[in-house]
Amino acid sequence: MNIEILLYIAAFLAAILGLVLAFITLSYRSLIQKYFALRKENEEMVASAKQKSDEIIKDAQDKAQKIIHESEMISVDTKKILDEKLQSATVQQITEFTGFLEKAQSDMNNVLGNLSKDITTESIREIENFKKSLESQTLKAEDMLKNVIADSNKKLDSEMAIIKEKRINELDSQIFEIIRKVSKEVIAKSINTKDHEDLILEALNEAKTQGLIS
Amino acid sequence: MQPELENQIYDNLVTNEDVAKLLKCIDLLLNTMYQNDTVEFDRVLNTECDVWFSEIVRNLDVRGVEKGAFLKNISKKIKGLDEIIITIHKEPNERLKEAVKSWIDANLGTKVIANFENKKSILGGAIISYKGKYVDYSLEKRLNSVIAVMKPQLMKSLVTTGTS
């Protein structure tokens, strides 16, 4: 039962597939025919355009040859006139240019002359200003230097006084150290053992007299 | 303790060095006595102690004085003796020690010991210190006093000489 149904279905599908293939084949054939018709039409249009362009080029060549011929005919006269005009214009241009140069040089000389005067005047003014400034600064520097020297002198005097006092004290110590040393040496040499013993006993007696020993 | 023995000991003690030597001798003798070593006792007496003290100790038995008690007692008394410190410029000789001893006996009594200290810079004389008091009778001090008096005049003459 099932197999039969399947066979029917398969036969039906095969019929449909056959119809579809026939339709595709017909459509393809129609398309090929259109392609060939268009191709032919295109080739005809290209050939026609080429023919037209060849004609246009030929006309242009003819016209050009004609124009060249005519221009050669008038160039001799024209050149003569043109040379004369050119020479005249050149002379005029040179004259004008020479005049312009002379005027420019004159103007330049005037400008330079004025400029030189201005520079001189400005330079003198600047130099005067600089001179004044220099004088002012010199005076200030002098004052400053005087103050510095005065301060230095004061400081130097003060330091000298301290050094002097220190040296005097050192000298004082040295002198009296020498005196003390010499005196000690003299005393040590001049006092004999008996004198020393007497001095010690004298010291003991003095201590008793003073009330240290009781 | 018998006073004459005590005084005899003080008479022989002049300086703190004598005291130190005697105290060392007594300590050694007491040690030998604790050990009942009579041979060592005699050796110490003959070699470590002064002759005068050895004689005193040897005669203790004759006097009927017990040695141990005597030595302990004398050691204690010697340690309590007053001391006068005498600073002098060099080591004292025996003559000076005797002279000072005589002076101390005459002025302070026998129970004061001289402690000599040396200071070369004092030149001569003495600096004396006794029972917390101190006085300087050295030649150095006298010299400094003289120089201090001379100083202004000397400086004046130096300045005058320098400027003339």
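## Ground rules

Since the model is predicted, local features need pLDDT of at least 70 and side-chain atom pairs count only at pLDDT 80 or more, while totals for chains, interfaces and linings use all residues; side-chain values use heavy atoms, with hydrogens and water left out. Residues are numbered from 1 along each chain as its sequence is written, and chains are lettered from A and ligands numbered from 1 in the order in which they are written.

Helices (H or I, at least four residues) and strands (E, at least two) are DSSP runs, numbered from the N terminus.

## The sheet in chain B

Chain B has an open sheet of four strands, ordered β2-β1-β3-β4, with mixed pairing (two strands pair if DSSP finds at least two bridges between them). At the edges sit β2 (112-118) and β4 of chain B, each pairing on one side only. From one strand to the next, the twist averages 20°. Angles here run from 0 to 180 degrees between N-to-C directions, and axes are lines fitted to C-alpha atoms, for helices over the stretch in contact.

Strand β3 of chain B covers residues 125-130, and five of its six residues are buried (under 20% relative accessible area with a 1.4 Å probe, protein chains only; exposed is over 50% and partly exposed is in between). Four bridges tie β3(B) to β1 (residues 82-88) of chain B, and the two run antiparallel. Along that pairing, I85(B) stands opposite S129(B), and I86(B) has I128(B) as its bridge partner.

Helix α2 of chain A (residues 193-209) lies across β1, β3 and β4 of chain B, at about 40° to β3(B). Helix α7 of chain B (residues 94-107) also packs on the sheet, where it touches β1 and β2 of chain B, and its direction makes about 140° with that of β2(B). Contact means heavy atoms within 4.5 Å.

## Helix α2 of chain B and its partners

Helix α2(B) spans residues 16-34, and its axis comes within 10 Å of that of α6(B) (residues 67-79), crossing at roughly 150°. That makes the two roughly antiparallel (over 145 degrees; under 35 is roughly parallel, 65 to 115 roughly perpendicular, the rest oblique). Residues making the contact include V19(B), L22(B) and I26(B) of α2(B), with L71(B), I74(B) and I78(B) among those of α6(B). By class, the contact has 11 nonpolar, two polar and three charged residues (nonpolar is Ala, Val, Leu, Ile, Met, Phe, Trp, Tyr, Cys and Pro; charged is Asp, Glu, Lys and Arg; the others, Gly among them, are polar).

The axes of α2(B) and α3(B) (residues 38-47) come within 8 Å and cross at roughly 170°, so this pair is roughly antiparallel too. C25(B), L28(B), L29(B), T32(B) and M33(B) of α2(B) meet E40(B), F41(B), V44(B) and L45(B) of α3(B). That contact splits into seven nonpolar, one polar and one charged residue.

## A buried loop residue

T15(B) sits in the loop between α1 (3-12) and α2 of chain B. T15(B) is buried, at a relative accessible area of 2%. Leaving out residues up to four places away in sequence, T15(B) touches K97(B), I113(B), A114(B) and F116(B).
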